[in-house]
Amino acid sequence: STYNWENNASNAGMDWGPNISDSFLGSSSTSGITVSNFITSARNKGAAAMATVPMVPYVAANKNNVPLTIVAANDPANWKINRAFKPASASSIVADKNDGYVFQQEFVTFLEGLFASTRSNEKALFYSLDNEPGIWSETHPLIMPKKLTYTDLLARTIEFSHMIKTFAGKDAKVFGGVAYGYNEYVNLQDAPDAFAYGDWFDYLLKNMKAAESTYGQRLMDVLDIHFYSENRTSDGLNQLVTSYSSAAPSAALIEARVQAPRSLWDGAFKENSWIARDYLGGPVNLLPSLKNKINQYYPGTKLAITEYSYGGENHISGAIAEADALGIFAREGVFAANYYELHEGSFPYAGFDMYRNFDGKGGKVANLMVEAANSNTKATSVYAYLEPQLEKTMYLVALNKTAQFLPANIGISHQQQFANADLYQIDEFNSKPVYVGTIPIKANKLTITLPAYSVTTMLLR
């Protein structure tokens, strides 16, 4: 939120320090180099990158590395005024590091000058409208001493997204909302004017649709949320699924974790959380509910989850939850999703491997997802993919969310007759995929037994 692109200073507010402006994001004073180096690194790996555009009133002025106590409005030595647009009267197009202002117009122009010509779907440059604004007053009390209101955040969202579209072009993808969690989705973390305007996301979507009419183009392309599972164990200990310990998790924690992704889509699953209990009195059903809002108030808006985690970094349950979430994101049409590493550990990355490196040699499932259904959602999940156009190779990703071996009878409805399935697996003993053999397929039917707590990727041909 407080990144100063002119000199790479930043201030993590109460998250670290507290309120210390430092060089954590980059010791160099070369303008924008922290972000440009990151984007270059991502592109070299064939990945997209997202740049956060601060919308807060002030950004860090220096890297003095001392705690700050004076509100930014009264401390110009340590904070710079943050603006979307540079005044039309400004004579220079080069950033002035001594003028007391930081103009995000210049930041976006700088990035577009470096990367716009190579923008593609695979190596996209996305723009995020700041980060978790509902808790600015908690995280950054020196720059936002009072709670944010609906009207203030809407005005900032419109102004800064308009600026990005002006200087990055209409095809630039702008992510808005960027809400930390459920209370922000609903009322912008108890905003002072929440009572007057109702549900925050309803208000945001309706007004961004109106802004499109005003400006003659879409300004916000993606509704962006953060979602860390709030599901807890039902054993009386009420452990959060993202709880970390070097010891092996209890059976109750494993169960809560592997079931938690169902809250993304399953209208029959009521998790053990304050969200389900206090807000909804029933299932979270997150993605369908958000898509309903979008369809009602601003059709065509995409959906992203740019921070999420299910914990389990040191246990197979983390890989199972991650693999399940990835399948759900694809099936439910999530535009972008970013795993956030709460703790170090290999198992969530093993969940990625089952889609992106299942054979240890870069083997990836295809990108044409097809319908897959199963008879026991609690015990298993299955996701299916075909190679586009030729459709002669199929990939299945099957999860066993139980502590027992799980027999699976699989039937395939497809014009292609498959002969064999190569099997790759991870389980509680292996956080790297292991080839476990090939089984025959007859009349497009196969029977396998999934090991306890495991993920199996099947290559059918």
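This is a predicted model: local features need pLDDT of at least 70, side-chain atom pairs count only at pLDDT 80 or more; totals for chains, interfaces and linings use all residues.
1. Buried here stands for under 20% relative accessible area, exposed for over 50% and partly exposed for values in between, with a 1.4 Å probe and protein chains only.

2. Phe201 is in contact (heavy atoms within 4.5 Å) with Ala179, Tyr185, Leu223, Ile225, Leu290 and Lys293, its neighbours within four places in sequence being left aside.

3. Helix H12 (residues 347-356) is mostly covered, with 7 of its 10 residues buried, namely Phe347, Pro348, Ala350, Gly351, Asp353, Met354 and Tyr355. Helices (H or I, at least four residues) and strands (E, at least two) are DSSP runs, numbered from the N terminus.

4. Ser21, found in strand S2 (residues 21-22), counts as buried because its relative accessibility is 1%. Its side chain makes a polar contact with the side chain of Asn11 at 2.9 Å; such a contact is a pair of N or O atoms within 3.5 Å, where within protein one must be able to donate a hydrogen and the other to accept it, and residues adjacent in sequence count only if both atoms are side-chain atoms.

5. Residues are numbered from 1 along each chain as its sequence is written, and side-chain values use heavy atoms, with hydrogens and water left out. Local features need pLDDT of at least 70 and side-chain atom pairs count only at pLDDT 80 or more, whereas totals for chains, interfaces and linings use all residues.
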